[in-house]
Every structure is written in structure tokens, then in C-alpha cells.
Amino acid sequence: MTTPSDYDLTIGLLGKHVPLDSPTIMWEDGYVSILPAIYDDKKKNICDNVDIPIIKYLAHCPASAPDSQYVTHLSHNDLPEDNIHDIVSESLSQHKSVVIRGIGHPPMGEELTAEFLDRYYSISPDRIVWVHDVKARGVNHGQVTTASILKAFCEDIKNTEKIQCVTDIPLAQTALPDALRNLDHGIAHGWNETTYDVPITSNVHPENFTAKGWALLHHAGYLTYPHHDAEGSLTWVRMEVGVKFWVVFRPKDRQNDRKHLQDFALKLGNFTENQAWIRANCDAEVITLLPGDILIIPPGQVHAVYTPIASFATGGHFYHYGKLLNKP
């Protein structure tokens with residue numbers, strides 16, 4: 001499950017994690033995945049209206065390649081650690097996303113369970129989590145979450161009637177790999193220096209100190225709609241278990257026109273109503289993330305993510321001088 005031996009990501013899923021009759025699709029890089037299927041009382045797939053049209057669009061976007069102008073592709077095995085920092089910094093300053101193959105933990109080859117998360121990441125099976133539910137989202141986009149515990153969420157990985165995710169698992173102990181840790185200028189030059197010269201005198205939420213890292217848990221078939229992360233920070237994510245199709249978008253032109261960038265982000269956020277405009281004005285490429293891969297995206301980077309098999313990822317947000325002055 002964690003290290004697919006071929007490009008067919010439906011193996012072991014149909015009839016076990018997802019409905020047996022789930023539709024499938026082939027991505028541009030050759031992977032075959034399921035499309036989400038959640039049926040209402042009339043046996044209609046509620047994902048037909050929004051999720052599946054978006055996924056079909058994403059699946060036909062070109063796969064990001066090493067010669068991409070907008071995504072820097074690196075392999076940890078080919079680069080000395082002392083070079084990675086400078087190359088990544090230069091790419092980020094040019095508003096490029098960066099994918100580094102093989103810099104994270106090696107694949108563990110174990111099934112994604114609550115016991116696995118407790119053993120390797122100290123995430124308690126009894127931790128209370130907010131669960132995002134695809135069926136609830138199909139009924140009311142404003143009410144998509146319910147409280148649960150991690151163990152119940154993991155047990156539902158094999159519930160063919162549910163597609164869910166958890167996106168707010170604080171994981172303060174996680175961090176960028178050693179070769180990249182000094183990219184976090186917010187900690188290296190912010191908290192470490194500024195707070196000495198300018199002591200904190202107002203109330204500061206403790207999450208500023210403890211919640212720099214987090215974890216993501218997804219069932220098979222979960223689509224995260226196009227969006228960009230807020231507050232001007234960069235985002236990094238490391239695949240631990242599973243696969244993600246991470247799609248980055250950019251406007252075909254007027255990349256420095258702030259009004260156009262605003263329209264671009266808003267229209268992508270409402271894909272089904274703006275398909276023609278999006279196809280005419282947007283380019284995109286798909287970054288396939290496998291266990292051990294790390295992706296870093298600059299602030300304001302609009303992206304969507306499709307998770308074709310049950311997956312677990314760690315990550316966080318950080319600040320970098322190279323992106324403080326030229327954020328689009």
C-alpha cells in the first residue's frame with residue numbers, strides 16, 4: 001500500500017477501501033487511480049457534480065518533469081547536503097515550488113493504522129480530531145466536519161461508504177530535515193534573535209511556538225479543492241505513507257497583475273462554475289509525491305491535491321527572506 005510496485009493504484013482498494021464499482025482514471029504520468037464514489041439514498045454518486053469533474057481536469061494536466069520552468073526537481077541522492085540549501089533558496093526566491101526525491105524517511109512498508117501512527121509518530125489513537133467528510137461536503141459546504149477520535153478515523157479507512165480526512169493534527173516534534181532546517185528564517189532569525197532585542201509584551205498564542213508542524217491523514221479518494229495557504233508563509237510537506245497528486249496552478253499571463261491573480265485564485269476556488277475561463281487562462285502541472293518525497297511551495301501558490309489511496313503526510317509552515325518581498 002505504501003510503495004506501489006506499479007502504476008495501478010486501484011489494486012487492493014476496490015471492494016475493500018472503496019466501492020467495488022468505483023470509476024477509475026489514468027493520469028498523464030501513467031498512474032491509474034480510483035475516482036471517488038459516495039452514494040446517496042437513490043444510489044447516485046454525489047461526487048459526480050463537483051469532485052469528479054475537477055479530478056478529471058487535474059488528471060489531464062501534464063506531469064511535472066525535471067525540465068519544468070516552474071518546479072525545481074531535486075534528488076537527495078545526487079546532491080551534497082551543503083548544496084541543497086542554496087539551490088532550494090534560489091528556487092523559492094523565483095517563486096518556484098521545489099520537490100526533493102528521497103530526502104524524507106524511507107518507506108516503512110506497513111499498513112496505515114492507528115497503531116502505526118502511535119508507534120512511529122507518537123500520535124495517540126485516542127486523540128480527538130476534526131474529521132472532514134465528503135458526503136457532508138456534498139450536502140453543505142459550510143458544515144463538513146465532525147469530532148471523532150483518531151482510532152475511529154483509521155478504522156474507517158476500510159469503510160467503503162466513507163471518504164474522510166483530518167487536516168489539523170498538531171505535530172510539534174516534526175521539522176524539516178537537517179539539510180533544510182535553516183530555511184526556516186522565521187525561527188532561525190525571528191524567534192531566535194528578534195525576541196531577545198524586542199521582548200514579547202503582548203499576549204501571544206502558544207501555537208506560535210508549538211504548532212510549526214502538523215500531520216495530514218486522508219482516506220482513498222479525497223480531493224482537496226484548489227486553494228492557497230494563508231498568512232504569507234511557505235508550506236512544506238513530506239509523504240510518509242501513500243501517494244498524493246499535488247497540482248500547482250499558474251496564470252498563463254499577467255503573473256504580476258494582482259487583480260488578475262485575485263480573479264485567478266477565486267475562479268479556481270469555484271471550478272465547476274468557471275471551467276471555460278480556467279482552461280483558457282490557467283496552466284497546471286501534477287507533482288506525484290511518493291513516500292520519502294518532500295515538496296516545498298512558496299506563499300500564494302494555488303494548488304489542489306488528490307489522494308488516491310489512504311495516505312499520511314507530515315509538514316509545516318515557515319518564513320523565508322527570499323519570499324518576504326516578492327510574494328505575488
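Visitor: How many bridges pair strand 11 and strand 12, and in which sense, parallel or antiparallel?

Guide: Strands of a sheet pair through backbone hydrogen bonds, either parallel or antiparallel. Two strands count as paired if DSSP finds at least two bridges between them. Here strand 11 and strand 12 pair in the antiparallel sense over eight bridges. Within strand 12, Cys282 is the bridge partner of Pro251. Helices (H or I, at least four residues) and strands (E, at least two) are DSSP runs, numbered from the N terminus. A word on the source: this is a predicted model, where local features need pLDDT of at least 70, side-chain atom pairs count only at pLDDT 80 or more, and totals for chains, interfaces and linings use all residues. Residues are numbered from 1 along each chain as its sequence is written, and side-chain values use heavy atoms, with hydrogens and water left out.

Visitor: What is the strand order in the open sheet of four strands?

Guide: The order is 9-14-11-12, with antiparallel pairing. Strand 9 and strand 12 stand at the edges with a single partner strand each, so one side of each has no neighbour in the sheet. From one strand to the next, the twist averages 15°. Axes are lines fitted to C-alpha atoms, for helices over the stretch in contact; angles run from 0 to 180 degrees between N-to-C directions. Strand 9 and strand 14 pair over four bridges, in the antiparallel sense. Thr224 stands opposite Val305 in strand 14.

Visitor: Which strands does helix 1 lie across, and which does helix 8?

Guide: Contact means heavy atoms within 4.5 Å. Helix 1 lies across strand 9, strand 11, strand 12 and strand 14, and runs at about 75° to strand 9. Helix 8 lies across strand 9, strand 11 and strand 12, at about 145° to strand 11.

Visitor: Which residues of the largest nonpolar core touch the most other members?

Guide: In soluble globular proteins, nonpolar side chains tend to be buried together. A nonpolar core is a set of buried Ala, Val, Leu, Ile, Met, Phe, Trp, Tyr and Cys residues joined through side-chain atoms within 4.5 Å. Buried means under 20% relative accessible area, exposed over 50%, partly exposed in between (1.4 Å probe, protein chains only). The largest core has 39 residues, and Trp27, Tyr57, Leu58 and Phe249 touch the most other members. Elements that each supply at least two residues include helix 1 (51–59), strand 11 (244–251) and helix 8 (258–268). Helix 1 gives the most, with six residues. Leaving aside neighbours within four places in sequence, the contacts of Phe249 include Tyr57, Leu58, Phe264 and Leu268. A second, separate core of 20 residues includes Val131, Cys154, Leu171 and Ala310.

Visitor: How many residues of strand 12 are buried?

Guide: Seven of its eight residues are buried, so strand 12 is mostly covered.

Visitor: Is Thr314 buried or exposed?

Guide: Thr314 is buried, at a relative accessible area of 1%. Thr314 sits in strand 15 (residues 311–318). Beyond neighbours within four places in sequence, its contacts include Leu171, Trp214 and Trp236.

Visitor: And where is Asp156?

Guide: Asp156 lies in the loop between helix 5 (150–155) and strand 7 (164–170). At 16% relative accessibility, Asp156 counts as buried. Apart from neighbours within four places in sequence, Asp156 is in contact with Lys162, Gln164 and His219.
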